[in-house]
Amino acid sequence: MSNIILGLTGENCSGKTTVAEYLKKKGFYYLSLSDVIREEVIKEVKPLTRENLINKGNDMRKKSGDGILAKMTVKKMEKGKNYVVDSIRNPGEVEELKKLQNFYLVYVNAPPEVRFERIKARGREEDPQTFEEFLKLERMEEESKEGYKQQLKKTAKMADFTIINDSSLERLYESIDGVLQKVVSKFEFERPVWDEYFMNIAKVVSSRANCIKRKIGAVIVKDKRVITTGYNGTPRGVKNCYEGGCPRCNSFSESGKNLESCFCAHAEENAIVQAAYHGVSVKGGVLYTTYSPCLYCARMIINAGIVEVVYNEQYPLAEDALELLKTAGVKVRAMKV
């Protein structure tokens with residue numbers, strides 16, 4: 001996936017939530033590894049206490065590997081969306097997320113005194129009440145002899161960017177914007193070339209085919225614009241092939257034989273006929289098809305004025321058809337997607 005994914009790590013009250021909220025306003029979708037743990041604790045019908053969440057997270061990493069929370073979170077991601085991923089606390093989680101293209105880890109930090117003041121201000125009963133208790137909790141979360149537990153110190157060292165959040169919101173937002181600018185400068189944008197784009201459309205078109213033997217799709221393009229599509233199957237108003245509409249296909253005749261009894265129109269044929277039906281000229285067009293044309297379709301392609309044929313896979317009995325296209329001056333290319 002070519003979208004941007006920013007991971008957040010950092011100590012308690014360093015400002016990760018504020019960073020995540022700011023990124024959400026900029027179009028990032030929010031995911032949290034802690035949400036995965038919460039879902040598991042809820043399944044076990046246990047209270048969502050800090051202790052239960054930490055214990056469950058440690059237990060999941062111990063049983064299924066240090067990167068399990070990251071793996072489960074990645075499954076929730078969709079192509080084409082930018083994500084901010086919160087609550088990363090173990091190097092194994094970072095290693096798993098770094099397998100993704102365009103993933104960057106951001107370490108959000110602030111001095112302990114500042115963070116303790118923020119903890120007191122939020123006033124949660126389960127939070128440490130003294131600075132000494134706060135520092136003790138910090139040390140427990142920073143590192144542990146058991147690798148599957150929270151390892152904030154080691155995780156922070158794996159960060160691509162560090163944000164120091166010790167002053168105003170405006171300063172914090174400026175820091176986040178600075179990170180985004182650096183990320184965009186490194187961004188690897190995944191975009192299909194035109195051939196791949198049109199062939200993938202042809203593949204989607206093939207999913208509408210009603211032929212019981214083989215699904216084929218075709219699109220005809222002019223000036224990088226799809227002008228018509230076609231898929232193989234029985235003619236308009238005739239029972240679908242898979243419903244028994246074509247005697248030859250339903251008897252599974254040997255390839256290349258009994259073609260005179262086949263009721264199904266081919267994808268290339270349908271694409272050309274549909275263009276004629278709607279009064280659209282295909283002259284000078286490029287035809288993309290999931291299988292190379294048969295001899296019958298090759299003749300129709302030549303006479304329709306199509307100048308190029310691009311196919312994904314070669315039809316078993318295609319040699320004569322391909323030779324005819326080339327003889328007629330039609331450019332032919334194979335392109336596997």
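**Exercise 1.** In which crossing, left-handed or right-handed, does α13 pass α14?

*Solution.* This is a predicted model, where local features need pLDDT of at least 70 and side-chain atom pairs pLDDT 80 or more, while totals for chains, interfaces and linings use all residues. Residues are numbered from 1 along each chain, and side-chain values use heavy atoms, without hydrogens and water.

- Step 1. Locate the pair: α13 covers residues 295–303 and α14 covers 319–327.
- Step 2. Their axes come within 8 Å and cross at roughly 15°. Axes are lines fitted to C-alpha atoms, for helices over the stretch in contact, with angles from 0 to 180 degrees between N-to-C directions.
- Step 3. That makes α13 roughly parallel to α14 (angles under 35 degrees).
- Step 4. α13 passes α14 in a right-handed crossing: the near helix is turned clockwise from the far one by less than a right angle.
- Step 5. Contact (heavy atoms within 4.5 Å) involves residues including Leu-295 and Ile-302 of α13, and Leu-324 and Leu-325 of α14.

**Exercise 2.** Find the buried residues of α9 and say where they lie on the helix.

*Solution.*

- Step 1. Helix α9 spans residues 169–186.
- Step 2. Its buried residues (under 20% relative accessible area, 1.4 Å probe, protein chains only) are Leu-172, Ile-176, Val-179, Leu-180 and Val-183.
- Step 3. Seen down the axis, they fall within an arc of 100°, so they line one face of α9. The arc uses directions from the helix axis to the C-beta atoms.
- Step 4. The face turned away carries exposed residues (over 50%), among them Glu-170 and Arg-171.
- Step 5. The buried residues pack against β1, α1, β4 and β5.

How values were computed
Helix = DSSP H or I, 4+ residues; strand = E, 2+ residues; numbered from the N terminus. Expected span 1.5 Å × (residues − 1). Parallel < 35°, antiparallel > 145°, perpendicular 65-115°, else oblique.
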